[in-house]
Amino acid sequence: GVAWTEAGGDVLFIEASLMPGGHGNLTLTGQLGNVMQESARAALSHIRQNASDLGIPADFLSKQDLHIHVPAGAIPKDGPSAGVTIATSIVSAARGIPVEPEVAMTGEITLSGLVLPVGGIREKALAAKRLGLKTFILPALNEPDLKELPEEIRKDMRFVPVTTLEEVLEIALPKPAGVASEPSAPAEPL
């Protein structure tokens, strides 16, 4: 995930771990503010409601707990823009498949899985570029913000506007074995 800070853009690593022997409890660590905690809960609710469609067992939390951690635990973090990253990390843990390593993403998530616009696209893209990331997933409604980016960044990175979590997952996670691709139109890279 990418974030806006007072010092500019930064990259956030978000970890999700399923722990056996649990009862569906959610643990959030890394000094997350109220809005970021709400984003995590909204992401989890959408995933639980649509688990089968997302290629994970509907009861994936019936005998497990979920722990979401955002490293750099001493630094407070808040805001809604990590919603898609949190959701992607949960699906990654549930599928047992790592996220594509060169993908950055930002966007608020809703209970219905829509990806809403966020601020700081320029700073976030610059941070992703500094880290050598090649693909940047952003809300479709933030597409006009790409005009603010230096030409060099627009040329060197692939920007993919999305409207739903499912579109994010198509890009960020390899398909699990046995799950066929839907004949829907994938998000078009810019």
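Trainee: What share of the contacts between residues at least 6 apart in sequence joins residues at least 24 apart?

Mentor: In the protein chain, that share is 75%. Contact here requires heavy atoms within 4.5 Å. Please bear in mind that the model is predicted.

Trainee: What makes the protein chain as compact as a globular protein of its length?

Mentor: Let us begin with its elements: the chain holds five helices and 10 strands. The radius of gyration is 16 Å, and the globule rule gives 16 Å for 190 residues; the two values are close, so the chain is as compact as a globular protein of that length. Along its principal axes, the C-alpha trace spans about 50 × 45 × 25 Å. Of the 190 residues, 46% are buried.

Trainee: Why is Ser81 called buried?

Mentor: A residue counts as buried under 20% relative accessible area. Ser81 has 15%, and therefore it is buried. Ser81 is located in the loop between strand 5 (64-69) and helix 2 (83-95). Leaving out residues up to four places away in sequence, the residues that Ser81 touches are Val2, Thr106, Gly107, Glu108, Val118 and Lys124.

Trainee: Is Arg130 buried or exposed, and how do you know?

Mentor: The cut-off for exposed is over 50%. Arg130 has a relative accessible area of 60%, so it is exposed. Arg130 belongs to helix 3. Its C-alpha atom is separated by 19 Å from that of Asp145, which is 15 residues away along the chain.

Trainee: Why does Ala127 count as buried?

Mentor: Ala127 is also a residue of helix 3. Its relative accessibility is 3%, and because buried means under 20%, Ala127 counts as buried. Beyond the neighbours within four places in sequence, Ala127 contacts Gly9, Asp10 and Val11.

Trainee: Which residues of helix 3 are buried, and what covers them?

Mentor: In helix 3 (residues 121-130), the buried residues are Ile121, Lys124, Ala125, Ala127 and Ala128. They cover an arc of only 160° around the axis, which means that they are on the same side of helix 3. An α-helix has 3.6 residues a turn, so residues three or four places apart point the same way. The cover over the buried residues of helix 3 includes strand 1 (2-5), strand 2 (8-11), strand 6, strand 9 and strand 10. Just after helix 3, Gly132 has a positive phi of about 85°.

Trainee: What makes the pairing in the sheet with the order 3-5-4 mixed?

Mentor: This is an open sheet of three strands. Its edge strands are strand 3 (15-20) and strand 4, each pairing on one side only. Direction ignored, neighbouring strands are turned by 20° against each other on average. Strand 3 and strand 5 run antiparallel and are joined by six bridges; Leu18 has Leu66 of strand 5 as its bridge partner. Helix 1 packs on this sheet, where it touches strand 4 and strand 5, and its direction makes about 145° with that of strand 4. Helix 2 packs on the sheet as well, touching strand 3 and strand 5, at about 40° to the direction of strand 3. Strand 4 (residues 26-29) and strand 5, by contrast, run parallel and are joined by four bridges.

Trainee: Why are strand 6 and strand 10 called edge strands?

Mentor: They belong to an open sheet of three strands in the order 6-9-10, with parallel pairing. Strand 6 (103-105) and strand 10 (158-162) each pair on one side only, and this gives them the name of edge strands. From one strand to the next, the twist averages 25°. Strand 6 is joined to strand 9 (residues 135-139) by three bridges, and Val103 stands opposite Thr135 in strand 9. Helix 5 (residues 165-172) packs on this sheet, touching strand 6, strand 9 and strand 10, and its direction makes about 150° with that of strand 10.

Definitions and conventions:
Residues are numbered from 1 along each chain as its sequence is written. This is a predicted model: local features need pLDDT of at least 70, side-chain atom pairs count only at pLDDT 80 or more; totals for chains, interfaces and linings use all residues. Side-chain values use heavy atoms; hydrogens and water are left out. Two strands pair if DSSP finds at least two bridges between them. Helices (H or I, at least four residues) and strands (E, at least two) are DSSP runs, numbered from the N terminus. Axes are lines fitted to C-alpha atoms, for helices over the stretch in contact, and angles run from 0 to 180 degrees between N-to-C directions. Buried means under 20% relative accessible area, exposed over 50%, partly exposed in between (1.4 Å probe, protein chains only). The arc is that of the directions from the helix axis to the C-beta atoms. The radius of gyration is taken over C-alpha atoms; the globule rule is 2.2 Å times the number of residues to the power 0.38.
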